[in-house]
Amino acid sequence: MSILEQKAIALSSTAISCVAGYLMYLTPLNKVSSDQISGIIASVSGTMLGFLLTSIAILTSVMDRSLLSNLRATGGFKFIIDRLFFCCALLMIVIMISLV
């Protein structure tokens with residue numbers, strides 16, 4: 001993926017999140033309050049964050065495998081780890097925003 005495609009994906013996901021937040025906080029809800037929705041978003045994001053951190057731990061614990069050796073030689077391992085940490089940071093931001 002090129003840098004332009006990555007930025008387009010990040011921008012579109014941010015726009016979708018902003019629209020969802022706008023609709024969630026400014027639209028009257030019938031059965032579920034916005035506090036409950038925020039709690040659900042925070043718990044789902046926390047679960048996903050836990051899975052991402054576990055995948056990072058598993059990848060770093062099996063560094064001696066041939067697949068990971070090939071990934072390190074081609075630069076793919078750094079790319080994967082960078083993306084995982086970026087996703088972790090975004091999920092942490094989502095958790096903080098939903099709890100505020």
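## Helix 4

Helix 4 covers residues 76–99, which is 24 residues. From its first C-alpha to its last it reaches 35 Å, close to the 34 Å expected at 1.5 Å a residue. The model described here is predicted.

## The buried residues

The buried residues of helix 4 are Gly76, Phe77, Ile81, Leu84, Cys88, Leu91, Ile95 and Ser98. They pack against helix 2, residues 34–61, and helix 3, residues 66–74.

Cys88 is one of these buried residues. Leaving aside residues up to four places away in sequence, Cys88 touches Leu49, Leu52, Leu53 and Ile56.

## The nonpolar core

The largest nonpolar core has ten residues: Leu49, Leu52, Ile56, Leu68, Phe77, Ile81, Leu84, Cys88, Leu91 and Ile95. Helix 2 and helix 4 are the elements that give two or more residues to this core. Helix 4 gives the most, with six residues. In soluble globular proteins, nonpolar side chains tend to be buried together.

## The surface patch

Nonpolar residues are also found on the surface, where Phe86, Leu90, Met92, Ile93, Met96 and Ile97 form a patch. Together they have about 600 Å² of accessible area.

Ile93, a member of this patch, lies in helix 4. Is Ile93 buried or partly exposed? Its relative accessible area is 42%. Buried means under 20% and exposed means over 50%, with partly exposed in between, so Ile93 counts as partly exposed.

Ile93 and Ser45 are 48 residues apart along the chain, and their C-alpha atoms are separated by 9.5 Å.

How values were computed:
Residues numbered from 1 in each chain as written. Predicted model: local features only at pLDDT ≥ 70, side-chain atom pairs only at ≥ 80, totals over all residues. Heavy atoms only, no water. Helix = DSSP H or I, 4+ residues; strand = E, 2+ residues; numbered from the N terminus. Expected span 1.5 Å × (residues − 1). Buried < 20%, exposed > 50% of the residue type's maximum accessible area, 1.4 Å probe, protein only. Contact = heavy atoms within 4.5 Å. Patch = residues over 30% accessible without salt bridge, like charges linked within 9 Å, V, L, I, M, F, W, Y side chains within 5 Å. Areas by Shrake-Rupley, 256 points an atom, 1.4 Å probe, with all protein chains shown as cover. Salt bridge = Lys/Arg side-chain N within 4 Å of Asp/Glu carboxyl O. Core = buried A, V, L, I, M, F, W, Y, C linked by side-chain atoms within 4.5 Å.
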